[in-house]
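Hi,

Here is the structure I promised to pass on.

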Amino acid sequence: MRDLPFTICGVDELDQLVTPDISHVISIIDPGWPPLEALSRLPDSRVHRFHFSDVIAARDESDRLPDAAAVRAIIAAGRTIRDDDPAHVLVHCQMGISRSSAATLIVLSEGHPGDEMAVAERIMQRRPQAWPNSLMLQLADAELGRGGRLVEAGRAIRHQTARSRPEFADYIRSTHRKAEVDDLGL
C-alpha cells in the first residue's frame with residue numbers, strides 16, 4: 001500500500017477532487033461539521049469518516065483530541081481499504097494540512113515497517129504544505145510499535161514545510177501547537 005496513489009486535500013477541494021478515479025476516502029473533520037455533499041458520490045462503504053479536532057492538547061472542553069481509539073480506527077480503515085484493492089485514496093481534513101497528512105503517513109506506513117521516511121518523502125512531494133499532527137503520529141507510533149519512526153517521519157515533513165514556508169511555521173508558533181515548531185529547533 002506504500003505505493004498506492006493518494007491525494008491529500010482540504011474540504012474546499014473536495015468538489016473538484018471526488019471523481020470516479022477516487023476509489024476510497026478517509027475523511028477527518030471537526031466534531032459537529034455538517035455532512036459533506038461531495039462524499040455522497042461514493043458508496044458509504046468506501047468512505048471512512050472520523051470526527052476530532054486538529055489539536056495536540058485540549059484548549060477547552062469543546063476540543064475532541066485525537067486519541068488511541070481514533071488512531072486504531074484509522075489504521076483499521078487503512079487495512080480495510082488495502083483489502084478492497086484500492087485504485088486511488090483521497091485523504092482529507094478541514095484544510096488538507098495536518099490530520100490528513102498524519103493519517104496518510106499512518107495508513108501508507110502501516111504495512112511497511114522501516115519505510116516511514118520514504119512515505120514521508122512522497123507526502124512532501126504531493127502536499128508541500130503538509131504539517132502532520134504530532135499527537136496522531138505519537139499514538140500511531142505506539143500502537144504500531146515503530147520505536148519513534150513515525151514521529152521522526154512527521155518531524156521531517158514539518159521541518160521541510162517550516163523551511164519552505166517560514167510564514168506558516170510562524171503562524172503555527174503563534175498557536176497552541178507551538179511545541180511542534182519548538183521541536184524542530186528552528
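A word on the basis: this is a predicted model, in which local features need pLDDT of at least 70 and side-chain atom pairs count only at pLDDT 80 or more, while totals for chains, interfaces and linings use all residues. Residues are numbered from 1 along each chain as its sequence is written, and side-chain values use heavy atoms, with hydrogens and water left out.

I built the notes around helix H6. Helices (H or I, at least four residues) and strands (E, at least two) are DSSP runs, numbered from the N terminus. H6 covers residues 149–164, and its end C-alpha atoms lie 23 Å apart, which agrees with the 22 Å its 16 residues should span at 1.5 Å a residue. The expected span is 1.5 Å times one less than the number of residues.

Which residues of H6 are buried? They are Leu150, Val151, Ala153, Gly154, Ile157, Arg158, Thr161 and Ala162. Buried here means under 20% relative accessible area, exposed over 50% and partly exposed in between (1.4 Å probe, protein chains only). These buried residues pack against H3 (99–110), H4 (116–126), H5 (134–144), H7 (166–173) and H8 (178–182); contact means heavy atoms within 4.5 Å.

Now the helix pairs. Axes are lines fitted to C-alpha atoms, for helices over the stretch in contact, and angles run from 0 to 180 degrees between N-to-C directions. Angles under 35 degrees count as roughly parallel, over 145 as roughly antiparallel, 65 to 115 as roughly perpendicular and the rest as oblique.

The axes of H5 and H6 come within 7 Å and cross at roughly 155°, so the two helices are roughly antiparallel. On the H5 side the contact involves Ser134, Leu137, Gln138, Ala140, Asp141 and Leu144, and on the H6 side Arg149, Leu150, Val151, Gly154 and Arg158. By class, that gives 5 nonpolar, 3 polar and 3 charged residues (Ala, Val, Leu, Ile, Met, Phe, Trp, Tyr, Cys and Pro count as nonpolar, Asp, Glu, Lys and Arg as charged, and the others, Gly among them, as polar).

With H4, the axes come within 9 Å and cross at roughly 30°, so H4 and H6 are roughly parallel. Glu116, Met117, Ala120, Ile123 and Met124 of H4 touch Arg149, Leu150, Glu152, Ala153, Ala156, Ile157 and Gln160 of H6. The residues of this contact divide into 8 nonpolar, 1 polar and 3 charged.

H6 and H7 have axes 5 Å apart at an angle of about 115°, and they are therefore roughly perpendicular. Here Thr161, Ala162, Arg163 and Ser164 of H6 meet Pro166, Phe168 and Ala169 of H7. In the loop between these two helices sits Arg165, which is partly exposed at a relative accessible area of 29%. Beyond its neighbours within four places in sequence, Arg165 contacts Pro128 and Gln129.

Back to H3: 12 of its 12 residues are buried, so H3 is largely enclosed by the rest of the structure.

One last item for your backbone checks. Asp85, in the loop between helix H2 (68–83) and strand S4 (89–93), has a positive phi of about 55° although it is not a glycine. Most residues other than glycine have a negative phi. Asp85 is exposed, with a relative accessible area of 68%.

Best wishes
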